[in-house]
Amino acid sequence: MPRARRVLVVGIDGVRLDTLARVPTPHLDSVAHAGFLAPVTVAESTPTMSGPCWATIVTGVRVTKHAVWSNDFSGHRLGVFPDFTTRLARQDGRRTYAAAAWEPLVTVADGGPMLRRPTRLTHHAPAADTPEAWEAADEATVRDAVAVLTHEDPEASFVYLGAPDETAHHLGCGSAYERSVASADHRLGRLLTALRERPAYGEEAWTVLVVTDHGHRDEGGHGGNSEAERTAWLACAGPDITAGATPVRPVRHEDVAAQVYAALDRAPDSHWTLDGTAVPTLPQAVLLDMDGTLVDTEPLWLEAVREVAAAHGHTLTDEEGARALGRSCADTAAHLAGVCPRTGARILEAALEETFLAAVEAGVELRPGARALLDRLADGNIPAALVSASPRRVVDAVLKTLGGEAFCTTVADGETERSKPHPDPYREAAARLGLPPAACLVVEDSPTGIAAAEAAGCRVVAVPSGAPVHPAPGRRVLDLPALVAAWGEPRGPRPAARDGAGRAAP
């Protein structure tokens, strides 16, 4: 059964990006390491104030549409361009949750609320306009949010923490501000723990976004055009993002709401006229299947299986042919031995290998988009590995067409203890590149190979060739040209992959 998609957005007001380099933020770091953390430049047309920035973040449209120009929301157009908690609740009937201490976000104060109609709401206003009162309000907000996230079932949530911003306003961006940022990170950790302690967590696929709205001048304060004020950031991790990914293009505030919809597999309606889009990312490495993914050898393999089966008195059924896709010679021979009882599995395996190899050596064609994909990986200095269930002799024959220089390493059948659908080949390829499987994107065509990649802990792009494949959390279904188009033009070289000893991978 597919895992249920869920999203948590944590907004931490007024956290300077350079402060994150000085202050220990282990929980934010865990999100960044599992996905990405990228700078966000507040658009020139947007005042560097909380109201306009948060409105852009939660609606997915720019200030000229939502019309929140200051911290007084009067005259806004949030009814036309609602926040994601309201849109999902009212239009899709989804359960949504919002928690915030700043009154205009959730009450009618100053022209609010910005978060107009979530299905569940937490609000604890600070008792006074002091850093201490804001810390207490954030603490109460998180206490309630932890209970809701642990024991209830919101599909999309927004939790706002305001103490760092207020501390900077009162005391500047010194030690008290840094302590407040560290406290906000501790509260983020409690929210992440609440997700993991959900009774249904194992059956859920959570995307977590952590975002700030603007920066601060050294003395505290914002609203101007300095780099310190206009620099914000977004961290994002989820089942559709590889660990340590790099955004293909600059990240914008309006992308946050679009990322929420994408994480829920909700295609935005064109009438919403969103200005943001989900953030496309590049993985640290790509692990590529061969047969049916890069080269059109699946028909050759199926014909080889049919020929060997027929030579030993068995007519291959369509079901048996589908089962053979993505399988090794040994696995397929073991099955044929059961329907060709007069012939041993080793003889059948040798016959399969020889027949398939002869067909491959006669010539293979690349799948549409395969060459462009390999060129894109090379241009972007993204390490690639070839991971195949075919024997080494077949892999080497195909490499004459693909070009062995395109791959940092290749893994063939028999070079790990178990072959696909077991995870061993993909784990081996990731290890050779010096990366965890979660940092690698696998491109596969068959259900057998996809099962191997997902069992290894990799994200997957499925490019079906012979058998149908359905999307799921951690698995997108595209063709190769669409994948190359999503990545766009390379923005510059990436660091070379490292092996387990820290050396550059071959």
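Helices and strands here are DSSP runs, numbered from the N terminus. The model is predicted.

**Stop 1: Thr-273.** Select Thr-273. Its phi is near 50°, a positive value in a residue other than glycine. Most residues other than glycine have a negative phi, and most peptide bonds are trans.

**Stop 2: Asn-381.** Go to the loop between α15 (370–379) and β11 (384–387), where Asn-381 is found. Asn-381 is not a glycine, yet its phi is positive, about 55°. At 33% relative accessibility, Asn-381 also counts as partly exposed.

**Stop 3: two cis bonds.** Select Gly-112 and Pro-113. The peptide bond between them is cis, with omega near 5°. Pro-113 sits in the loop between α5 (103–106) and β4 (120–123). Now select Lys-420 and Pro-421. This peptide bond is cis as well, with omega near 15°. Look for Pro-421 in the loop between β12 (409–411) and α17 (424–432).

**Stop 4: helix α1.** Select residues 26–34, which form α1. Which residues of α1 are buried? They are Leu-28, Val-31 and Ala-32. Look down the axis of α1: the buried residues fall within an arc of 100°, so they line one face of the helix. An α-helix has 3.6 residues a turn, so residues three or four places apart point the same way. Next, show what this face meets. The buried residues of α1 pack against β2 (36–41), α8 (175–196), β6 (204–211) and β7 (231–237).

**Stop 5: Gly-220.** Follow the chain to the loop between β6 and α9 (227–230), where Gly-220 lies. Gly-220 counts as buried, at 11% relative accessibility. What does Gly-220 touch, not counting residues up to four places away in sequence? The contacts are Ala-168, Gly-172 and Cys-173. Asp-165 and Gly-220 are 55 residues apart in sequence, and their C-alpha atoms are 8.6 Å apart in space.

**Last stop: the whole chain.** Zoom out. The chain has 19 helices and 15 strands. Its radius of gyration is 26 Å, close to the 23 Å that the globule rule gives for 506 residues, so the chain is as compact as a globular protein of that length. The C-alpha atoms fill a box of roughly 85 × 45 × 40 Å along the principal axes. Colour by burial: 56% of the 506 residues are buried.

Definitions and conventions
Residues numbered from 1 in each chain as written. Predicted model: local features only at pLDDT ≥ 70, side-chain atom pairs only at ≥ 80, totals over all residues. Heavy atoms only, no water. Helix = DSSP H or I, 4+ residues; strand = E, 2+ residues; numbered from the N terminus. Rg over C-alpha atoms; globule rule 2.2 N^0.38 Å. Buried < 20%, exposed > 50% of the residue type's maximum accessible area, 1.4 Å probe, protein only. Arc of directions from axis to C-beta. Contact = heavy atoms within 4.5 Å.
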